[in-house]
Amino acid sequence: MNYSGTHSGFTQQANMRLRNSSMDDSDGSQLFENTSGAEVGPQAGYRNQQGGPPPAGSSGHSLLTDPMSNLAMAYGSSLATQGREMMDKNLDRFIPISKLKYYFAVDTLYVGKKLGLLVFPYMHKNWEVSYQQDTPVAPRFDVNAPDLYIPSMGFITYLLVAGLALGTQNRFSPELLGVHASSALVWLVMEVLVVLLSLYLVTVNTDLTTIDLLAFSGYKYVGMIVGVVAGLLFGRTAYYLSLLWCCAAIFVFMIRSLRLKLLSEAAAEGRLVRGARNQLRMYLTMAIAAAQPIFMYWLTYHLVR
Amino acid sequence: MALTLYALIQTAVLCTNALAVLHEERFLSKLGWGVEQGVGGFGDDPGVKAQILNLIRSVRTVMRGYIIPYLCCVLLISLS
């Protein structure tokens, strides 16, 4: 069957047939096939204005009677709704969409404060995440809560800035953007997996979820972007200086944020607690924090020549 | 630096394969990492070594349980 014309054309034709079915039932099909306008005046004029969906399509439509086409459309739309509901329900099992929404509940003030904190964390005093009846408060209300908005935006901006940097050195080609994207993504995934593995091995009882770790690993893109942009604007010295500053800032930021989540409470308050387990946890925190500057340098040094 | 996502998947499958075919008697017991040393530390501090041994043993059990999909994956990955 030749369904030429748009979907709206199809429904228009169906409505037309509905409206006129009471009148011209016997020669309805003849009206469609014969577009000369020699039939009953007003309807023919009406039909000729409908000439947009061409007659070749309507001869195919004449096979369907009016109630049948409506029934088919209604059935099709109900099938589509059912399919979408089923897909939503199944997708929620693999990717927790409702939990993801929490990480994107940000506003401009939070983003501004968090960016400032990522570049200058030395004045901030209170690093605790505030809770509200056992669930963490949305990032909009608490600067210390991790979010996924800044990491995802930072990732995309990093790719764009990398393309820009390569373009200024005449080394750009569109495939390189894809190569950079998959490289950075792979390093991110590997870092999160390694951190997860080490957290499992050290048996830390923490409420850090995988998405939290993803958020913390994504915060380094901000420093990388600052470094590369400074390098583009002011040359290599500026790149090294700003990268050094951002590396130190990210190091302090990670240590202060993760200390509260990974270490036991006594050690987190700053008192020196002896014991093999606490020492191991301290080393783990420092290793995670030290990995960030390494990645920041590794992913950007080839962009600034 | 051109590390693709596919390379990551390849690495993961091959590493899991290495863990799965690791023979306990021949290698781990010689190193003092056999299965009897792993379950020793009960209490709230299993220790890193016990966790690693647990991990290796569980990977081996799971992989040997799902042998057919596992073999298909390993074959596909190693052939490309």
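Student: In which helix of chain A is A:Val189 found?

Tutor: This is a predicted model, where local features need pLDDT of at least 70, side-chain atom pairs count only at pLDDT 80 or more, and totals for chains, interfaces and linings use all residues. Residues are numbered from 1 along each chain as its sequence is written, chains are lettered from A and ligands numbered from 1 in the order in which they are written, and side-chain values use heavy atoms, leaving out hydrogens and water. A helix is a DSSP run (H or I, at least four residues), numbered from the N terminus, and the one holding A:Val189 is α9 of chain A.

Student: Which residue meets A:Lys220 in a salt bridge?

Tutor: A salt bridge needs a side-chain nitrogen of Lys or Arg within 4 Å of a carboxyl oxygen of Asp or Glu, and a search of the whole structure finds 1 over all chains. Its nitrogen and oxygen lie 2.8 Å apart. The pair links distant parts of the chain, 29 residues apart, with A:Lys220 in helix α11 (residues 220–234) and its partner in helix α9 of chain A. That partner is A:Glu191.

Student: How many residues does chain B bring to its contact with chain A?

Tutor: Contact means heavy atoms within 4.5 Å. Chain A brings 16 residues to this contact, and the number from chain B is 15.

Student: Which helix gives the most to the side of chain B that touches chain A?

Tutor: Across this interface the rule finds 0 salt bridges. Two helices of chain B, α1 (5–20) and α4 (47–65), each supply at least two residues of the side that touches chain A. The one that gives the most, with 6 residues, is α4(B).
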